[in-house]
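I opened the notebook to record what I looked up in this structure.

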Amino acid sequence: MTQLHPIAEPHTEGMLDVGDGNRIHWAECGNPDGKPAVFVHGGPGSGAWTNSRGYFDPERYRIILFSQRNCGRSTPHASDPATDLTHNTTEHLIADMERLREHLDVEQWLLFGGSWGSTLQLAYAQRYPERVSEIVIAGVTTTRRREIDWLYNGVGRFFPAELDRFRAGAGDVEGDTFDVLAAYARLLADPDPEVRATAARDWSTWEDAAISLEPNGVPNSYSDRPSRDLLAMTRICAHYFSNAAWLEEGVLIREAHRLKGIPGKLIHGRLDLSGPVETAWELTKVWPDAELIVIDDSGHTGSDAMRAAMRAALDEFAVRPARG
């Protein structure tokens with residue numbers, strides 16, 4: 001098994017007011033004088049992961065964690081149906097990251113994360129390339145409509161019964177994948193707690209099915225979350241994916257030339273059925289400073305080999321001089 005670094009406990013944390021009644025929770029651990037690095041979590045809506053700290057050498061990195069709007073320890077929480085998600089979009093999250101960087105007086109930071117976190121990293125880095133030293137992504141996504149349709153429809157050719165159950169959970173919906181996702185967004189904001197719980201269970205059961213063939217994955221990775229966290233994550237996922245993350249189709253690949261000069265490590269599982277490796281490959285054709293590392297025994301939820309590659313990438317960048 002890959003030996004990760006010792007888990008560094010936070011030495012500083014706080015709540016940052018980002019406007020619109022939202023406050024995001026952040027924490028710092030590791031070396032206050034080390035290389036700044038921020039962990040950008042997935043989901044969207046999963047909250048900052050405790051185990052993410054183990055990939056960073058706490059002697060070399062100033063490790064920054066934060067929970068995106070309405071999840072984790074940020075407030076208000078999306079598990080409460082009264083929480084308005086109107087002001088929770090990709091643009092808001094980009095602005096939140098930049099506000100956090102300024103609040104912590106960071107000149108330039110490394111970005112690390114995966115899945116939805118890779119979409120947010122790419123969007124932020126293309127907006128503020130001068131603020132990014134390196135990027136490490138595990139499980140590359142750009143949240144194109146074609147990627148969303150694959151995850152919530154196309155994968156169903158391998159799991160037809162499970163897809164039928166997922167679509168049935170949305171109710172009597174006539175339309176495409178995005179109509180189904182919008183129906184789930186409404187159900188997950190329903191004032192009736194039983195309606196919300198059922199929708200969250202149906203959503204997470206489908207997500208678990210999509211990763212169920214991974215030989216070294218984590219079974220029930222989605223549905224095993226505490227109910228409050230599961231409600232927030234599924235609601236925010238439905239909110240984002242039914243709107244294609246408010247991104248112009250293909251923009252993060254098309255504009256990846258803006259990342260020129262930023263070294264990147266794209267670590268992707270060959271067996272990632274929910275997010276095929278083609279997206280990472282397409283990205284490298286536009287971003288020449290990115291290296292694609294394909295892990296043959298890994299799917300979306302990882303493997304020991306993927307964890308080793310993630311640690312190795314961060315260890316390599318820990319000693320790399322800052323960009324000019």
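**Entry 1: helix α10**

I began with the contacts of α10, and found that the buried residues of this helix pack against β3 (35-40), β4 (61-66), β5 (109-114), β6 (132-138), β7 (264-269) and β8 (290-295). I took contact to be heavy atoms within 4.5 Å. Helices (H or I, at least four residues) and strands (E, at least two) are DSSP runs, numbered from the N terminus.

I noted the source before going on: this is a predicted model, in which local features need pLDDT of at least 70 and side-chain atom pairs count only at pLDDT 80 or more, while totals for chains, interfaces and linings use all residues. Residues are numbered from 1 along each chain as its sequence is written, and side-chain values use heavy atoms, with hydrogens and water left out.

Which residues of α10 are buried? I listed M306, A309, M310, A313, L314, F317 and A318. Buried means under 20% relative accessible area, exposed means over 50%, and partly exposed is in between (1.4 Å probe, protein chains only).

I then checked the span of α10, which has 15 residues (304-318). The expected span of a helix is 1.5 Å times one less than its number of residues. For α10 that gives 21 Å, and the end C-alpha atoms are 21 Å apart, so the two agree.

**Entry 2: cysteines**

I looked for disulfides (pairs of cysteine sulfur atoms within 2.5 Å). The structure holds zero of them. C71 is in no disulfide, and the nearest cysteine sulfur, that of C237, is 9.7 Å away.

**Entry 3: salt bridges**

Side chains of opposite charge can pair when their charged atoms come close. The rule I used for a salt bridge is a side-chain nitrogen of Lys or Arg within 4 Å of a carboxyl oxygen of Asp or Glu. How many salt bridges does this rule give? The count comes to 21.

I looked up D57 and R60, whose salt bridge has its closest N and O atoms 3.6 Å apart. D57 is buried at 15% relative accessible area, whereas R60 is partly exposed at 44%.

Next I took R101 and E102, which meet in a salt bridge at 3.9 Å, N to O. R101 is buried at 5%, and E102 is exposed at 51%.

The side chains of K265 and E316 also form a salt bridge, at 3.1 Å from N to O. This pair links distant parts of the chain, with K265 in strand β7 and E316 in helix α10, 51 residues apart. K265 is buried at 9%, and E316 is partly exposed at 43%. I also noted one network, in which salt bridges that share partners join R144, R146, E147, E278 and E282.

**Entry 4: S115**

Where does S115 lie? I found S115 in the loop between β5 and α2 (116-127). With a relative accessible area of 19%, S115 is buried. Leaving aside neighbours within four places in sequence, S115 is in contact with A138, G139, T141 and H300. The side chain of S115 makes a polar contact with the side chain of H300 at 2.9 Å. A polar contact is a pair of N or O atoms within 3.5 Å; within protein, one must be able to donate a hydrogen and the other to accept it, and residues adjacent in sequence count only if both atoms are side-chain atoms.
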